[in-house]
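Subject: Structure handover

Dear colleague,

Here is the structure you asked about. Please open it alongside this message.

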Amino acid sequence: MVPKVKAIQQKGRWASLTSLINKNAYDAVDELKAMMDPFVHVHKGTMLQESLPGLSDTLVVLTPTDLQKKLLERISENVFEKVHLVSLISTHPSLVAEHEVFSDHKSMLEELKISPEAGVKTQFVIELVRLSKAWGEKVLIFSEYIDPLNFLMKQLASHFSWEEGKEVLYMDAKLDEKKRQVVIHSLNADNSEAKALLASTKACFEGINQVGTSRVVLLDVVWNPSVERQAISRAYRLGQKKNLLRISFDNVRDSGNREVSKADKEGSNI
């Protein structure tokens with residue numbers, strides 16, 4: 001049959017079938033599905049579970065230092081400012097040294113930059129990276145905010161005598177496409193010296209592949225849960241060869257990102 005004639009007949013058959021659907025002819029639906037089956041893939045939601053090694057969740061509860069408790073108590077009632085400052089303080093107190101609310105402690109807070117133990121999340125991240133490095137696992141650390149990422153990158157580089165851009169990598173939304181691809185390749189390559197990547201959630205949009213990591217840390221909780229899921233999906237996707245461990249923090253003040261009202265009840269359970 002001449003291709004053009006065949007195409008016209010197919011088009012006519014499609015029009016006929018769709019017309020029948022409007023008349024609630026369910027048999028036509030089955031026939032349509034059969035016609036589309038060769039070129040339309042329907043994702044039933046089980047592909048990742050069946051194809052990947054696995055995904056585990058760990059919820060970590062950390063107790064703040066006395067200084068962190070005092071700083072948290074001074075946070076204003078402004079919801080958006082509260083969420084941001086809680087994230088900074090719980091990572092490391094020195095991150096709020098320039099904030100006007102804590103100007104009377106500026107010198108002391110700046111001196112703490114060389115003391116990772118002053119921040120509970122900083123201590124945790126360093127220990128996690130140390131253990132992951134020993135087991136040959138790479139760590140992906142996400143945050144909504146740039147300051148904690150930059151701070152942790154410098155802390156990891158200093159603590160492990162690593163080179164930024166080699167063993168410890170960084171990615172934010174301002175990184176141009178060419179450099180972003182270099183970072184991704186370095187992270188995923190089996191022979192790479194990369195051990196950790198610090199990335200903003202905004203930088204890791206749909207399509208970015210970070211399957212080279214098997215430990216994912218969420219420093220803070222985002223307002224939109226879909227953003228968090230998308231970040232995790234950068235590593236938990238086809239091509240992942242290891243069990244993925246997702247680590248998040250449960251603390252009353254930090255959970256203000258989800259329910260700010262809880263932030264007013266207790267300031268000590270970070």
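Predicted model: local features only at pLDDT ≥ 70, side-chain atom pairs only at ≥ 80, totals over all residues.

The model has an open sheet of 6 strands in the order 1-6-5-2-4-3, and the pairing is parallel. At the edges are strand 1 (55-60) and strand 3 (168-171), each of which pairs on one side only. On average, neighbouring strands of this sheet are turned by 20 degrees against each other, direction ignored.

Strand 2 (residues 139-143) pairs with strand 5 (residues 215-218) in the parallel sense, over 4 bridges. In this pairing, Phe-142 stands opposite Leu-218 of strand 5. Helix 8 (residues 146-160) packs on the sheet and touches strand 2, strand 3 and strand 4 (196-200). The direction of helix 8 makes about 165 degrees with that of strand 4.

Strand 3 and strand 4 are also paired in the parallel sense over 4 bridges, with Tyr-170 opposite Leu-198 of strand 4. Helix 9 (residues 177-188) lies across these two strands and runs at about 140 degrees to strand 3. Together, strand 3, helix 9 and strand 4 make a right-handed β-α-β unit.

Which way do the side chains of strand 3 point? Val-168 and Tyr-170 point one way, Leu-169 and Met-171 the other way, and all are buried.

The nonpolar cores

The largest nonpolar core has 39 residues, and those touching the most other members are Val-96, Ile-141, Leu-156, Leu-198 and Val-217. Several elements supply at least two residues of this core each, including helix 4 (66-73), helix 5 (79-91), helix 7 (120-134) and strand 6 (244-249). Strand 2, strand 3 and strand 4 are also among them. Helix 8 gives the largest share of this core, 7 residues. As background, nonpolar side chains in soluble globular proteins tend to be buried together.

Leaving aside neighbours within four places in sequence, Ile-141 is in contact with Val-125, Leu-149, Leu-152, Leu-156, Leu-197, Leu-198, Ala-199, Val-217 and Leu-219.

Another core, of 21 residues, lies apart from the largest one. Among the residues of this other core are Ile-184, Leu-197, Val-216 and Tyr-236.

The aromatic pairs

How many aromatic pairs does the structure hold? There are 2. The rings of Phe-124 and Phe-249 have centres 5.4 Å apart and planes at 80 degrees, so this pair is edge-to-face. Phe-124 belongs to helix 7 and Phe-249 to strand 6, so the pair ties together parts that are 125 residues apart in sequence. With a relative accessibility of 22%, Phe-124 counts as partly exposed, whereas Phe-249 is buried at a relative accessible area of 6%.

Phe-160 and Trp-162 form an aromatic pair that is stacked, at 4.6 Å centre to centre and with 25 degrees between the planes. Both Phe-160 and Trp-162 are buried.

Single residues

Is Ser-161 buried or exposed? Ser-161 counts as exposed, because its relative accessibility is 65% and the cut-off for exposed is over 50%. Ser-161 is found in the loop between helix 8 and strand 3. The phi angle of Ser-161 is near 55 degrees, a positive value in a residue other than glycine.

Ser-200 lies in strand 4. Ser-200 is buried, because its relative accessible area of 3% falls under the 20% cut-off. Leaving aside neighbours within four places in sequence, Ser-200 is in contact with Phe-142, Ser-143, Ile-146, Leu-149, Met-171, Asp-172 and Ala-173.

Asn-150 has its place in helix 8 and is partly exposed, with a relative accessible area of 26%. Asn-150 and Ala-199 are 49 residues apart in sequence, and their C-alpha atoms are 9.5 Å apart in space.

Regards

Definitions and conventions
Residues numbered from 1 in each chain as written. Heavy atoms only, no water. Pairing = 2+ DSSP bridges. Axes fitted to C-alpha atoms, helices over the stretch in contact; angles between N-to-C directions. Contact = heavy atoms within 4.5 Å. Core = buried A, V, L, I, M, F, W, Y, C linked by side-chain atoms within 4.5 Å. Buried < 20%, exposed > 50% of the residue type's maximum accessible area, 1.4 Å probe, protein only. Phe/Tyr/Trp six-rings, centres within 6.5 Å; stacked < 30°, edge-to-face > 60°. Right-handed = clockwise from strand over helix to strand, strands pointing away.
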